[in-house]
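Let us walk through a protein model, one stop at a time. Keep the sequence and the 3D view side by side as you read.

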Amino acid sequence: MIRKFKVWNFSEPYYQMYPDTWMTMDEKYVERIWSLLKNAIQEIQKKNNSGLSFEELYRNAYTMVLHKHGERLYTGLKEVVTQHLETKVREDVLHSLHNGFLQTLNNAWTDHQTSMVMIRDILMYMDRVFVQQNEVDNVYNLGLIIFRDQVVRYGCIRDHLRQTLLELVARERRGEVVDRLAIRNACQMLMVLGINSRAVYEEDFEKPFLHQSSEFYRMESQKFLAENSAAVYINRVEARISEEAERARHYLDESTEPRVVSVLEHELIERHMKTIVEMENSGVVHMLTHTRTSELGCVYKLLSRVGEGLRTVADAVSAHLREQGRALVTDTLHNTNAIAYVQNLLDLKDRFDHFLQNSFNNDKIFKHMITSDFEYFLNLNNKSPEFLSLFIDGKLKKGEKGMSEQEIEAVLDKTMVLFRFLQEKDVFERYYKQHLAKRLLLNKSVSDDSEKNMISKLKTECGCQFTSKLEGMFKDMTVSNTIMDEFKEHVLSSGLNLYGVDLSVRVLTTGFWPTQSATPKCNIPAAPRNAFEVFRSFYLAKHSGRQLSLQPQLGSADLHATFGAAPASPPAPAAPRRHIIQVSTFQMCVLLLFNQRDRLTYEELLNETDIPEKDLVRALQSLAMGKPTQRILIKHPKTKEIEPSHQFYVNDAFTSKLHRVKIQTVAAKGESEPERRETRNKVDEDRKHEIEAAIVRIMKARKKMAHTLLVAEVTEQLRVRFLPSPVVIKKRIEGLIEREYLARTPDDRKVYNYVA
Amino acid sequence: MPRSSKRTRSGAPTSGNDVLPGATSIDEHHHHKRSRNSSLRRHLKAEDTSFSVKKCLSWFKEYTSVSEPDVLGPEGMEKFCADLGVDPENVVMLVIAYKMGAKQMGFFTQEEWLKGLTELQCDNVHKLQNKLDYLRNLLNDPHIFKAIYRYSYDFARDKEQRSLDTEVAGALLGVLLPRWALRAALCEFIARERRYRVVNRDQWCNILEFSRTVDAHLASYDADGAWPVMLDEFVEWLRANDSSMPPAS
């Protein structure tokens, strides 16, 4: 149908042509006009509008409205449209219920729209004036409403429409090919019929559609879960979601997309989160154990769609990690080797970092989870601080095969990550000092730079209070070297006698170096003793007011030894052999005694050297009961235990390929139990002081503070080193009250005052 | 303790043979009164209201020995209590000591004696006896009681130590807080737990607060109440050993 109408210029010339006598129209005239219009409308509805004059029709409508007969027109319009839709259109549609229903409906809809447009154009004056004034629906909308109520929502048509559409979708879901365009048209129609709202679409189609989808996927998910592994299920879910989204975009209304996706997410994912994650032999734990990185990535991606999805995954991963970590840490069989212990932990961390990066997208939830899990199990074993220090010790000592400085640095960085998880950092500090002292004094550091590097890492973590003493230790070494140079010059220039001893002294400032409970006694033989006295005078002359005390447990000596001067029996070689043997100070004391006597009992050795028993035993064990290439002395009888009456004498049959033989001291890798307890006691003592210092510091600044607040502050300040318990803090507060640093306020015993 | 003869003379009616309202007897009474009036009243006034330092000091001397004229020691204390008619363990003795500001339990210096009794305006035993009720009532004022309670710590303490021996503390609590429901339990606790050999000042003061704020069933005990650790441990011990105590909430 070609429109014959042109854009009309809406000035109202007619009014001028008809004088006032025409103000009232008689009924007959009105009816005549109306009949005209009615016919026209009906022709339009029959698609016979070609013979109509737009201008005339418009004018008639205009006249009616102008003379206050808009109501009649409006009512009439309503009747005509209703009648047409009821009697003609609806009947057609009803007849087509089982034969081309959607097509028929769609055609009816199209036709209706077209005719309504034309009708609206004719009645436009009524739209502008009457409709507005009386606040009724405009012509086009009126048409929509009637079409909606009389056709689309008419009882069985409504039901049939819904069923048809749903059935089509169901079939497509089953894999069939359906007429998408028909569905699309129907959906668009419903959207339009809502008149500025999607209510009709929603009620007549979308709600039931979502309901059906929900049921469908509920069934499918159960079936699929039962039959497939987690990974396969997840892929399937992803596929279905894509499919439904595409469907919504293509032929439903696109506003349905988020709604239907949300239904799928709920049915396929949310309902089964735990099942997926915890599936035996294919769930998250299985994926972790078998390093299925990309599968885990899929799990992550999928479950991040729903609110609690990632939490569920993280919980499962965390449980597994904690179990692994706990097993590692409490494995008593293998936990004597610090190096292996720490290495295993580093490997575990690497493993989970790999997952964090490659499966879990560096997600914060997972990052925090890994941190808190490590914090949890690392601190289950109270030897962790010691072992960590031993591990670092191993890396910083000479003899670490084939690691470049960068490799060492990389390992140390990773170790620092573990350090951060430690709760008892002050225990670590104590051990680190001990181990560093040994490295420095026994000259075992692989490089000064690596050492300094490590210290600056610790400084970044813990502040300078932690590292100031360590740095002090280094300074002592440097200063000692300078002093030794000065001493050597001094000896040369003054021609002093050093009794044939090439002396080397390191002066250690007491506060920096790990303290011994008491310096062990030791009878130093004459020559070295006298040589040391020369040094002592020299030093004290420079620094009067200081005190020097010899630390025999830390020293070493090189001895010229001659073996085989009197060969015992063949197959011992005949000629005497000279060696240089490197021994500890204690061992030196023992060996030099054999210059005077051939044989000595253990008891005699004990008395003459004055060395503490446990140290003497260690010294003798290395000298007499080690490998043959180390056996300087022979013990008689050759038992493992050392009794007071057992005898020792020089092994004249001693041989070694090396000229310079280093006697290894039987060193414990890590402390013995009593030593560990002692260290722990020292740590507890130190902690008491630190707590008190913190309390005083805080109270001095605040002057007045309530008990619970004070405890919280103290805990907060000390947490970088260790975690004090509230009871311990309370005890320290009481101690300070007694010593009158603090007092309870007279009004409230729960609040403390600082006593200046 | 025989009542003062002056009392009956001053006209207090004797029971039983009370005088029937009759002019003569009344007149007699009045006559009695009048005749004795001036000198008697004067005599009474002088007796009851004046305080003589001299008298007070000579009273003090009844309890000191030649070798130690300035200090009233344990023997003198015994005699003093007997004269007063008060058990040496009685809490009123603590109040007296408090008034005197006595430094050491079992001893009063002359200065302390004078200070306390001047404040009480007593220069002989009878006057002090009359004051005993007043002194006992002082304990009913919570502020004064607290002051006396705190005072008694230093009073009872061995001056060589900072803290109070557990035994002494227990006895002292018996005198000061005889009606506190948990007193016996606390004394048992600190006697049993060997680690508590002394009670320090802070603990001592808090015991009073504890007795005042925490009920016998420990319902109002607040674990965050900044109580000394000893009292926390006492509560724990009590809950563990006494089945009548409800467990911690």
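A disulfide is counted here when two cysteine sulfur atoms lie within 2.5 Å. Such a disulfide is a covalent bond between the sulfur atoms of two cysteines. The model you see is predicted. How many disulfides does the rule give over all chains? The count is zero.

Take one cysteine as an example. The cysteine sulfur closest to that of B:Cys205 belongs to B:Cys187, and the gap is 16 Å. That is too far for a bond. B:Cys205 is buried, because its relative accessibility is 13% and buried means under 20%. Now look at a cysteine in chain A. A:Cys298 has a relative accessibility of 31%, so it counts as partly exposed.

Next come the salt bridges. Here a side-chain nitrogen of Lys or Arg sits within 4 Å of a carboxyl oxygen of Asp or Glu. Over all chains, the structure holds 69 salt bridges.

Start with A:Glu167 and A:Arg174. Their side chains meet in a salt bridge, with 3.5 Å from N to O. Are these two residues buried or exposed? A:Glu167 is partly exposed, at 39% relative accessibility. A:Arg174 is exposed, with a relative accessible area of 55%.

Move along chain A to A:Asp350. This residue forms a salt bridge with A:Lys414, and their closest N and O atoms are 3.3 Å apart. A:Asp350 lies in helix 17 (residues 338-358) of chain A, while A:Lys414 lies in helix 20 (residues 405-421) of chain A, so the pair ties together parts that are 64 residues apart in sequence. Both ends count as partly exposed: A:Asp350 has a relative accessible area of 30%, and A:Lys414 has 40% relative accessibility.

B:Glu119 forms a salt bridge with B:Lys99, and the closest N and O atoms are 2.9 Å apart. This pair links distant parts of the chain, 20 residues apart: B:Glu119 is in helix 6 (residues 110-120) of chain B, and B:Lys99 is in helix 5 (residues 91-100) of chain B. B:Glu119 is partly exposed, with a relative accessible area of 47%. B:Lys99, at 13% relative accessibility, counts as buried.

Salt bridges can also join into a network. In chain A, one network links A:Glu172, A:Arg173, A:Arg180, A:Glu220, A:Arg236, A:Arg240, A:Glu243, A:Glu244, A:Glu246 and A:Arg247.

Other charged residues form surface patches. Which residues make up the positive patch in chain A? They are A:Lys438, A:Lys444, A:Lys614, A:Arg618 and A:Lys662. One of them, A:Lys444, sits in the loop between helix 21 (425-441) and helix 22 (448-462) of chain A. A:Lys444 is partly exposed, because its relative accessible area is 34%.

Chain B carries a negative patch, formed by B:Asp158, B:Glu160, B:Asp165 and B:Glu167. Find B:Asp165 in strand 3 (residues 164-165) of chain B. Its relative accessible area is 31%, so B:Asp165 counts as partly exposed.

End with A:Ser115 in chain A. A:Ser115 belongs to helix 5 (residues 101-122) of chain A. With a relative accessible area of 9%, A:Ser115 is buried. Now find A:His290. A:Ser115 and A:His290 are 175 residues apart in sequence. In space, they are 68 Å apart, C-alpha to C-alpha.

Notes. Residues are numbered from 1 along each chain as its sequence is written. Chains are lettered from A and ligands numbered from 1 in the order in which they are written. This is a predicted model: local features need pLDDT of at least 70, side-chain atom pairs count only at pLDDT 80 or more; totals for chains, interfaces and linings use all residues. Side-chain values use heavy atoms; hydrogens and water are left out. Patches are made of residues with over 30% relative accessible area and no salt bridge: like charges are joined within 9 Å, nonpolar side chains (Val, Leu, Ile, Met, Phe, Trp, Tyr) within 5 Å. Accessible areas come from the Shrake-Rupley method with a 1.4 Å probe; for residues, only the protein chains shown count as cover. Lys and Arg count as positive and Asp and Glu as negative; His and the chain ends are not counted. The place of a charge is taken as NZ of Lys, CZ of Arg, CG of Asp or CD of Glu. Helices (H or I, at least four residues) and strands (E, at least two) are DSSP runs, numbered from the N terminus. Buried means under 20% relative accessible area, exposed over 50%, partly exposed in between (1.4 Å probe, protein chains only).
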